[in-house]
Amino acid sequence: MRLFVPVKMLPPSDHDIVFLQALQQQSPAAYDRLYADFFRPLCYFAEGLVRDPAAAEDLVTESLIKLLQEVPEMNSIRQLKAYLYTITRNACYDFLRANERHQQSHEEIRYLKQFDAETAERQLVRAEMLQAIYAAIEGLPDRNKTIVKLALLEGKKNEEIAAELQMADQTVRNRKSEGLAMLRLTLKSQYGLSSTAIITGMLYFL
Amino acid sequence: MNNRILDIADLLIEQKKRLLTAQEQWILDQWVMEHPENASLLRQVQDEKWMESQLGTFAQYDAKKSRQNLEARLAATTPVHRIHLLRTAWFRYAAAIILLLGIGTYLYVNNQKEEPSVTQHNPNPVQSDVAPGGNKATLTLADGSKIILDSAANGTIAKEENAMITKRGDQIIYDSRLTRDASRIAYNTMSTPRGGQYQLRLPDGSQVWLNAESSITYPTAFTGNQRKVRITGEAYFEVTHDKKKPFIVAVSPAGGGDYPPLEGVARRAGGGREAGGFEIEVLGTHFNVNTYQDEPAKNTTLLEGSVRINAVHTSLTLKPGQQGQLTDRGLSLAVNPDIDQVMAWKNGLFNFNNRTFAEVMSTLARWYDVEVKYEGKIPNMRIGGEMGRDLNLSDVLQALKTIGVKYEIEGRTLKVIS
């Protein structure tokens, strides 16, 4: 039995409306936010499915182009997101199918496994989680951001960071833990959700 | 992509910030239980080490390169020209819609033939004009008294036995105090004229948008074990959840017949589902019902949630994005319904997708409250396009003029001369 969860969302914020309208008009002002919010999670999503980072980037670029060439009517960020993940997923299917044929013609042994809907969904969850953290990092104050990025994204040790930024070890340690604490506190969902918004629904079994 | 998985992702993110409420936790637990992979995914995203290990990959994608490619590609291709005329007056003077003629031939907007006209009509464009429809409706109370809502002031406009009725702008809100006494339930009706539209919040908080020439009859308080309303015309619903009280929308059969009773059990003999009549049992949230008599079918389109359409001898459950069509031949699922087209009216737009000339005229007639008279044949063509419905009629007709059809507006009559 599949559980169905109806969820009531808050109406889109003014920022969101302006952004969606700018997209409709193919306005470059919208591209900043489009890339900031969607490019990486979509790439991570696609890479999880096609296992090829370069191909993933290309597929996502194509999806964004497709979006901007013919923008569907959208009333919320959520709709936009669902649309982007869907067309990216479909592009991944096509890519794998095309590659399968290629592989067969060259008689390669490597077997590219097709993915199913649930696998794609799980990859979406990972992508969204990572994006939430990534966006939170990008939102840190400058004094913490660089250090946290070097630590978390590049895996550098405190001493390395201190050397690179020409700071004292202790300064690095302090600012890093300050930054990490802020991440935990301010990890904001970008979708304008609050706890009350999620819970107007009751649950149905279909 | 299933919207549900977006919700799950949101919950997992929220979980990192705060304690989830019991209900949120329940939703998450259900999802986890559905599949062992979900459980391991949960552990994975809660594992800080794993997250850190992935962030490197995440950061390495080359957004700059992608964006350069994207901008280059977009500059190279001519954008598909979707002509939107939204609510701003600015667009009033840029009226143009894309026309599709006959079977797959396209007529460009500037390709007009000058006809050496033999008509005696003044070649001048329309002399009078018609304003678009607006927020107009009439509320009929249980005792039969009527309130014209367009001119009513904001604030409390009436009190029924167990409800307070307030007007706020273009919306009527019911605030009901529940009473256990079913015999005291009163029914109100909101109806819109041609050229009207209105919004209503029902006693349970459900929102209803009424299109022109439509009505909804409902009790002032939802007692009993179901919430039943009856409609004519076209309405869009956003129903609040109450598992204990399913929400039912009843539609009367064409040409009169017995109205399905609003009280009592829904499934009596016939149950009001005589030919053409049907009921929609709402299990979820957002859907549009179009029952205009002059449309080819009675359509129910679901946006979110779940509904079951119950007609004579047959029923159909819809998933989001699906549309059920009821005609004389029965109840069927539409192939590829155009949601934008269905929802256009509620969003203040006209959206025609390959519709016949007559259908377009009939939609315009209902919104502008005019009567269409054809002099000559009804043009045999199909029309597609989108524009705001806050334009004056003459602006709309301006665009339709390019295909060799002339129009004249005289008072409330629109003459189509072909």
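1. What pLDDT does chain B average, and what share of the residues score at least 70? Chain B averages a pLDDT of 77, and 78% of the residues reach at least 70; pLDDT is the predictor's confidence in each residue, from 0 to 100. This is a predicted model, in which local features need pLDDT of at least 70 and side-chain atom pairs count only at pLDDT 80 or more, while totals for chains, interfaces and linings use all residues. Residues are numbered from 1 along each chain as its sequence is written, chains are lettered from A and ligands numbered from 1 in the order in which they are written, and side-chain values use heavy atoms, with hydrogens and water left out.

2. The model scores ipTM 0.79 and pTM 0.44. Within chain B, confidence is highest in helix 3, at 93, and lowest in strand 1 (residues 99-101), at a mean of 30. Helices (H or I, at least four residues) and strands (E, at least two) are DSSP runs, numbered from the N terminus. Where pLDDT is low, the predicted coordinates should not be read in detail.

3. Helix 3 of chain B (residues 36-46) has B:Asn38, B:Ala39, B:Leu41, B:Leu42 and B:Val45 buried. These residues lie on the same side of the helix because they cover an arc of only 160 degrees around the axis, the arc being that of the directions from the helix axis to the C-beta atoms. The face turned away from the buried side carries the exposed residues B:Pro36 and B:Arg43. Buried means under 20% relative accessible area, exposed over 50%, and partly exposed in between (1.4 Å probe, protein chains only).

4. The buried residues of helix 3 of chain B pack against helix 5 (117-138) of chain A, together with helix 1 (3-17), helix 2 (22-34) and helix 4 (48-60) of chain B. Contact means heavy atoms within 4.5 Å.

5. Over all chains, the count comes to 25 salt bridges, each a side-chain nitrogen of Lys or Arg within 4 Å of a carboxyl oxygen of Asp or Glu. B:Glu279 and B:Lys228 form one at 3.0 Å, N to O. This pair links strand 16 (residues 278-282) of chain B with strand 13 (residues 227-232) of chain B, the two residues being 51 apart. Both B:Glu279 and B:Lys228 are buried.

6. B:Arg194 and B:Glu213 also form a salt bridge, with their closest N and O atoms 3.6 Å apart. B:Arg194 is partly exposed at 27% relative accessibility, as is B:Glu213 at 34%.
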